Amino acid sequence: MISQLSINATRQGLHEITAEVAAVVNESGLREGLCTLFIKHTSASLLVQENADPSAARDLELWLNRLVSENDQIYTHTNEGPDDMPSHIKSTLTASSVAVPFVDGRLTLGTWQGIFLWEHRRTDMQRNIIVHIGA
Amino acid sequence: MISQLSINATRQGLHEITAEVAAVVNESGLREGLCTLFIKHTSASLLVQENADPSAARDLELWLNRLVSENDQIYTHTNEGPDDMPSHIKSTLTASSVAVPFVDGRLTLGTWQGIFLWEHRRTDMQRNIIVHIGA
Amino acid sequence: MISQLSINATRQGLHEITAEVAAVVNESGLREGLCTLFIKHTSASLLVQENADPSAARDLELWLNRLVSENDQIYTHTNEGPDDMPSHIKSTLTASSVAVPFVDGRLTLGTWQGIFLWEHRRTDMQRNIIVHIGA
């Protein structure tokens, strides 16, 4: 069973999509199995991370922005803007696919875990994530 | 088929769990399929890496500890201790889920590959990993 | 359904394997499902990334080579050559498994997405990737 989530990523940073993914699992009718997400983009990525304290997400974004800076002398791939090549690197360091098992129709996330789309561009983007539900 | 592994991570660093995962595959009775692991935590992660020479694991830990240092001025999420925010970053740079196919009831790991829980906190933690076995 | 791809990685860097993976999906006869790749090595890794502009791949390689340098004073695992320990670190920061759903017998990759083997060693290597096709 395969479906698609379309997420409007209105700003650079983490966008929680746990509720949207949980809804897909619920609609599948399957009680137990594996939910695999795949993002169809190379300048945004997927992450399972803490969703309780917003300061954790903010620090994470700041840290990665410092590690992968814009306007690095090393870049030659610059025709799509100064935030494009850093976005490819950031998506490389995180994940294009993540898998979360579910039991009793519910994702087996830990208490403070959420699933996030990480938008690496600084512009408003529409992002598509494919969701596969398997037994 | 879904089960849970509980691992006592007694120190910061890599803890090999290959034998525990292989046992779950064996107990499933399935001969061929996909074994997917998901860790229910955001300050520990999963890794497939060399298990032959302990110096590789040690260098890897030292390198990541240097890249993601404690007491970085950038952190505001500090109320859970100086090793907490670095742990979230380290888990972000590694993986919360990994998938390993199995054939003839055995994981298709390479000769020197092992599956590891990477504990990023410096305290003794109990960690839970969900194991999904699919056809 | 499990098969193996053998890729001759003739140089350090990204080697696109999208066509090889698509062929495995096609040969499976399944119209819809999940294709999961697992690499049996710890000094090469898997990546889904832009395949349109070669400058993106080149910048990515240069950036990671700078972050994970050879001849770092921290390394003690040096008996397999100066490019070995950096290769383990690079594979740790990228992925050993990736999953891509397929629909109508075709991978659901975005327009400019390709699947790559990332060879981290500087020598000519034969690399094996296990492909699992599930419903």
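Student: Let's start with pairing. In which sense do strand 4 and strand 7 of chain A pair, and over how many bridges?

Tutor: Keep in mind that this is a predicted model. Strand 4 of chain A and strand 7 (residues 113-119) of chain A are antiparallel partners, joined over seven bridges.

Student: What lies opposite G13(A) in strand 7 of chain A?

Tutor: That is E119(A). G13(A) brings us to strand 2 (13-16) of chain A, which runs antiparallel to strand 7 of chain A and is joined to it by four bridges.

Student: What is the strand order of the sheet in chain A?

Tutor: The order is 2-7-4, in an open sheet of three strands with antiparallel pairing. Strand 2 and strand 4 (44-50) of chain A are the edges, each pairing on one side only. On average, neighbouring strands are turned by 35 degrees against each other, ignoring direction.

Student: Is strand 7 of chain A mostly covered or mostly open?

Tutor: Mostly covered: seven of its seven residues are buried. Look at both faces of the strand. Q113(A), I115(A), L117(A) and E119(A) point one way, while G114(A), F116(A) and W118(A) point the other way, and all are buried.

Student: Moving to the core, how many residues does the largest nonpolar core have?

Tutor: It has 112 residues, and those with the most contacts inside it include C35(A), C35(B) and C35(C). For a closer look, take C35(B): among the residues it touches are V21(B), V100(B), F102(B) and I133(B), leaving aside residues up to four places away in sequence.

Student: Now the chains. What rotation superposes chain C on chain A?

Tutor: A rotation of 120 degrees, with 0.0 Å of shift along its axis and an RMSD of 0.0 Å. The two copies are therefore related as by a three-fold rotation axis. Within chain C, L93(C) comes closest to that axis, its C-alpha being at 3.3 Å.

Student: Why do we say the copies meet through different surfaces?

Tutor: Because only 13% of the interface residues of chain C are also interface residues in chain A.

How values were computed:
Residues are numbered from 1 along each chain as its sequence is written. Chains are lettered from A and ligands numbered from 1 in the order in which they are written. This is a predicted model: local features need pLDDT of at least 70, side-chain atom pairs count only at pLDDT 80 or more; totals for chains, interfaces and linings use all residues. Copies are superposed by least squares on the C-alpha atoms of residues with pLDDT of at least 70 in both. Two residues are in contact if their C-beta atoms, placed from the backbone, lie within 7 Å. Two strands pair if DSSP finds at least two bridges between them. Helices (H or I, at least four residues) and strands (E, at least two) are DSSP runs, numbered from the N terminus. Axes are lines fitted to C-alpha atoms, for helices over the stretch in contact, and angles run from 0 to 180 degrees between N-to-C directions. A nonpolar core is a set of buried Ala, Val, Leu, Ile, Met, Phe, Trp, Tyr and Cys residues joined through C-beta atoms within 7 Å. A residue is buried if 20 or more other C-beta atoms lie within 10 Å of its own, exposed if 12 or fewer, and partly exposed in between; C-beta atoms are placed from the backbone.
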